[in-house]
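Student: Pick one part of this model and take a close look at it. Give me the cut-offs as you go.

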Amino acid sequence: MKIQKFKKRIGLIGFGCVGQGLYDVVEANRHLGWEIGSICVKDKEKPRSLPASAFTYDVQEVLQDPSLDIIAELISDPKEALVIIRQALQQGKTVVSANKKVVAENLPELIQLQQRHGGVLLYEASVCGSIPVLRTLEAYYGSEPLVEVRGILNGSSNYILSKLHAEHGNFQSALAQAQELGFAEADPSLDVEGTDALHKLCIMAAHAYGLLVHPDEVLHFGIQHITSEAVELADALGCRIKLVGSLKAAADGEVALQLLPTFIPEGDALYEVEAEFNGLEIEGRFAGKQFLKGRGAGSHPTGSAVWADVAAAVRGYRYTYPKLCTSQVSATSGDEQLTVLLQGTEERVAELLELLKPAIQHQTPDQSQVILSLTPQQLRQHQDLLNQRGIFVAAIPASVPLDIIPEAFSQTEAIPIGSL
Ligand SMILES: NC(=O)c1ccc[n+]([C@@H]2O[C@H](COP(=O)([O-])OP(=O)(O)OC[C@H]3O[C@@H](n4cnc5c(N)ncnc54)[C@H](OP(=O)(O)O)[C@@H]3O)[C@@H](O)[C@H]2O)c1
């Protein structure tokens with residue numbers, strides 16, 4: 001049999017961490033018949049790894065080029081990225097993107113554009129970098145009801161948390177290291193305030209449960225207010241603090257979504273997910289629990305996920321959103337009682353105690369720590385206030401007995417940790 005040789009051409013928009021990663025992967029796989037046909041960037045003065053002649057600064061040169069088979073949108077500006085993706089889909093093109101903010105905030109429109117104009121949008125790299133999350137949820141679990149999907153979804157904040165546990169160092173320097181290593185977003189507040197992980201959670205909700213939910217509707221806290229006392233308390237309890245996003249089937253066609261710093265005890269699959277790695281536990285009603293772990297960020301791991309989408313799209317793969325077509329679900333924060341640590345300066349916590357009743361209280365020279373029990377819905381009601389007050393919030397799972405907490409508190413010392 002004679003195999004027909006062909007060259008497929010990618011139009012690359014954005015040549016930063018991920019764009020360069022995709023470029024390297026494509027170059028390493030030239031024998032597969034792909035080439036980067038055109039590259040668009042923004043800054044004419046920036047030094048580049050390729051000659052200036054390799055670049056255009058006019059995005060329309062890429063979007064209007066009929067010789068390109070696929071567009072890879074890999075820019076850092078979400079507003080412009082949405083304009084690019086919209087235009088490409090309106091032209092019926094095939095687009096791959098790594099931009100979780102754009103996908104999470106505009107998924108209903110992006111699905112409609114594909115249906116109306118026949119284009120295709122894949123975005124595997126937008127959720128957990130190199131881990132094949134969306135294709136697993138879509139293709140493998142598309143017809144199995146899921147009990148829960150929970151995981152560590154942001155490499156940069158996980159890197160910071162790992163550093164704080166390992167070295168008891170400073171928040172700012174751990175963040176700076178995450179940025180140097182290319183794990184952090186251009187705007188690192190997206191990582192540490194939990195917004196980036198929240199976007200991924202909302203994207204997963206569409207594929208895992210057929211739920212279209214806007215990030216603004218979801219209970220979420222980040223790690224920006226973490227304190228050394230919280231890290232020490234977790235250590236004393238044999239736990240590590242992780243930023244955990246979860247989707248859980250709730251009663252009556254509801255899906256509970258939340259993103260919370262969480263005390264993870266040893267033995268939990270997420271405990272060993274360290275540094276820039278991401279980990280995801282998927283529990284199917286019939287399959288039971290499965291665990292995926294891999295690099296959630298970085299140039300080549302993310303470039304590899306974009307490349308997997310490019311190769312899949314050209315073979316005709318597209319998301320079918322199987323559960324979106326078959327289920328009617330709505331979002332909730334959940335009503336299962338949560339045990340929560342709140343930590344902040346004395347006067348700020350004192351104000352909150354008028355609203356919330358603590359079970360355990362502990363005082364260090366400049367911090368108040370309280371443990372209380374409340375529903376996720378109650379926590380959501382106080383979300384903005386807690387964030388404005390600079391209070392660190394973390395969930396403590398039921399497997400950690402409350403009666404060992406006072407003893408663990410007494411083992412902690414106050415050391416300033418800094419914050420964003
Ligand atoms: N970094 C990661 O590990 C990672 C992981 C998963 C997903 N992502 C997502 O991947 C996307 C790219 O992230 P990144 O880390 O590669 O960002 P980055 O390193 O900051 O690079 C961004 C690139 O976009 C270009 N750009 C920005 N605005 C543009 C515009 N209006 N027109 C043309 N080019 C424009 C920049 O051009 P100049 O070079 O001229 O400045 C640069 O080449 C983002 O959506 C991010 O959320 C990143």
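Tutor: Start at the end of helix 4: just after this helix, Gly 118 takes a positive phi of about 80 degrees. Helices are DSSP runs of H or I with at least four residues, and strands are runs of E with at least two, both numbered from the N terminus. This is a predicted model, so local features need pLDDT of at least 70, side-chain atom pairs count only at pLDDT 80 or more, and totals for chains, interfaces and linings use all residues. Residues are numbered from 1 along each chain as its sequence is written, and side-chain values use heavy atoms, leaving out hydrogens and water.

Now the other end. A side-chain oxygen of Asn 99 lies within 3.3 Å of the backbone nitrogen of Lys 101, at the start of helix 4.

Next, the span. Helix 4 covers residues 100–117, and its end C-alpha atoms are only 22 Å apart. A straight helix of 18 residues would span 26 Å, taking 1.5 Å times one less than the number of residues.

Helix 4 also bends, by about 85 degrees at Asn 106. That bend is the angle between axes fitted to the seven residues ending there and the seven starting there. Pro 108 follows within four residues.

Asn 106 is also buried (under 20% relative accessible area, with a 1.4 Å probe and protein chains only). Other buried residues of helix 4 include Val 102, Val 103, Leu 107, Leu 110 and Leu 113. What covers the buried residues includes helix 3 (78–90), strand 6 (120–122), helix 9 (195–209) and helix 12 (322–326).

Key. Buried means under 20% relative accessible area, exposed over 50%, partly exposed in between (1.4 Å probe, protein chains only). Contact means heavy atoms within 4.5 Å. A polar contact is a pair of N or O atoms within 3.5 Å; within protein, one must be able to donate a hydrogen and the other to accept it, and residues adjacent in sequence count only if both atoms are side-chain atoms.
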